[in-house]
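Work through the following exercises with the sequence and the model at hand. Each task is followed by a stepwise solution.

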Amino acid sequence: MSVLGYVSGQLQREQQQLDVINRAVLALQAEALGMVEALRLDRSAAAASRRQLHAFLTQLTATLAGGTAEVLPGTLSELLTGQRAREDWIEDLGAIQRALELGQRLEPQQLAALTEIVRALDREFAGTLHRLYGRR
Amino acid sequence: MKAAELRATLGWLDTAVASLHEAALRHPAVLDRLETDLHRARAHLSDLDNLVGIGHPALVPHAFPILHTLELITNRVGVTYLPALQHQGPAERLVRGLVLCAARAAGLTWLVDVVVRLDGPHAAYVAYPELPILYAPPRQASSLVDLPGLYHELGHAVLEYDRTTSGGRIGVLLRSTVTQHFVELARRAGPMTPERRAARESRIAEAAAFWTEARLAEIFCDVLATVVCGPAHYLSFVDLAFRYGRSPFAALASHPPVAARVRACEQTLTLPHQREPVVERLRAAWTTHERQHQAFHGYDLACSKSLIDALVRASLAGISATLPECHRYAQPLAHAEEIGTRTASGTLEGFLNDSTVLLVEVPERYADWERGALPQCHRLTEMASGD
């Protein structure tokens, strides 16, 4: 029985989400490092990135808190419910959301946390990519 | 290094796609999409070059998602779509016509084009749900057997289209059906010790977690195929389930147990169809087969009849909401002696159900009948595909 029907769609969705989140975090990194022009980003990119990240984190923290029926992708689940307590992540992500709402620059450790999340999403995506297109 | 490799790959893909002259005539929307993909890929490659060129340690991790996106695009164009478009012959065009007939009956009004590959088991590539690739075995161009499997595969395109345009209403409906079922089950526990309650709740949570998005998708696709094809899909699936080779209660990583899927198909049939002698014969044969295997305790909890029936109802509601032009097959089955002597029903699904009656009741007549029925089905496909 083929898994192609499900996996081909899943791959596309994972890539779209990863692209949005990755570029959003990259834009805020660029802002923090004063590299907006070097990365050829629009000045308005940071504002759009804040909105995109805020929406993503709202969904993520709701899922972490068990408030939705959504299931975290495996790699994200490993990151957010692993060694570091789930409650710590909920608290940290909440602080990031508040900073985003206020248009504040994120602290280095906050950007590092978001980058960890991007890495986890990327591992999930790369795993699905390999499942479909990896060498046998 | 990877950027250089990808640059070379993109160059090759540009040339290969540009040389698809015939495909450009027959599948212009697909070619447009692939050219858009390659254009996006070049933009991603430029971003990657820039990031790598800057080389700041805080920014380098962001290169990997871009690299993987480029791998997806080059694989999708070069490994999936390009070979499919390069191998479009008369047989592929014929089956494409059959798929377009099926899509019309299923109400997929948003479908723009379909590419068919006749080199593998039934499957669908639905990254672009309005431009899917449908896979079928080579014999599909010369036989109606197992054709209902393609209706199931169109279901994956429906789910993906629903996810991209409506946030996945069908998925949400199926997920909430599972959640509600197990919440209610947990609530119904009578008096018991805390330890027993905790153990029960743990088993219920495990049963709920069994229903991954992938497994729910398969149930939906089975329901859609049965709605549109009627008993023809029921036979096709029961036949597949008999050939499964493992316990009907065993689950694959991404599929529910076939026993659960057979029940879903059966419960989807209209009541008159459920009472058709052909369907009753199939059901009796399947029940005998099931009784030869043990259903383990986990199966009864995860795949109870009440949950499967609830998932069927949720799937039907999802179909009503998202495919308003889906045509439910409700014609009574013909008597075997009428088939071949009367005017054909005029729909592909009518032919598929005639084939079902013959395969179950007078299989020795099937080959001759199919030889006569196929040209009539091909005329239906000419109307559907405009070829």
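**Exercise 1.** Which residue of chain A forms a salt bridge with B:Asp47, and how far apart are the closest N and O atoms?

*Solution.* Apply the rule: a salt bridge is a side-chain nitrogen of Lys or Arg within 4 Å of a carboxyl oxygen of Asp or Glu. The partner of B:Asp47 is A:Arg40, with the closest N and O atoms 3.6 Å apart. Across the interface of chain A and chain B, the rule finds 4 salt bridges.

The model is predicted: local features need pLDDT of at least 70, side-chain atom pairs count only at pLDDT 80 or more, and totals for chains, interfaces and linings use all residues. Residues are numbered from 1 along each chain as its sequence is written, chains are lettered from A and ligands numbered from 1 in the order in which they are written, and side-chain values use heavy atoms, with hydrogens and water left out.

**Exercise 2.** Describe the interface of chain A and chain B by contacts, area and residue class.

*Solution.* Step 1, contacts (heavy atoms within 4.5 Å): 47 residues of chain B are in contact with 36 residues of chain A.

Step 2, area. Buried area is the accessible area (1.4 Å probe) that two parts lose on being put together, summed over both. For these two chains the value is about 3,500 Å², with 62% of it on carbon and sulfur atoms. On the chain A side, A:Met1, A:Tyr6 and A:Tyr133 lose the most area to chain B, together 21% of what that side buries.

Step 3, class. Ala, Val, Leu, Ile, Met, Phe, Trp, Tyr, Cys and Pro count as nonpolar, Asp, Glu, Lys and Arg as charged, and the others, Gly among them, as polar. The side of chain A that touches chain B then has 19 nonpolar, 10 polar and 7 charged residues.

**Exercise 3.** Is A:Leu111 buried or exposed, and what does A:Leu111 contact?

*Solution.* Step 1: locate A:Leu111 in helix α5 of chain A; helices are DSSP runs (H or I, at least four residues), numbered from the N terminus.

Step 2: buried means under 20% relative accessible area, exposed over 50%, partly exposed in between (1.4 Å probe, protein chains only). A:Leu111 counts as buried because its relative accessibility is 4%.

Step 3: leaving aside neighbours within four places in sequence, the contacts of A:Leu111 are A:Leu28, A:Gln29, A:Ala32 and A:Leu106. A:Leu28 lies 83 residues away along the chain, yet its C-alpha atom is 7.8 Å from that of A:Leu111.

Terms used
Helix = DSSP H or I, 4+ residues; strand = E, 2+ residues; numbered from the N terminus.
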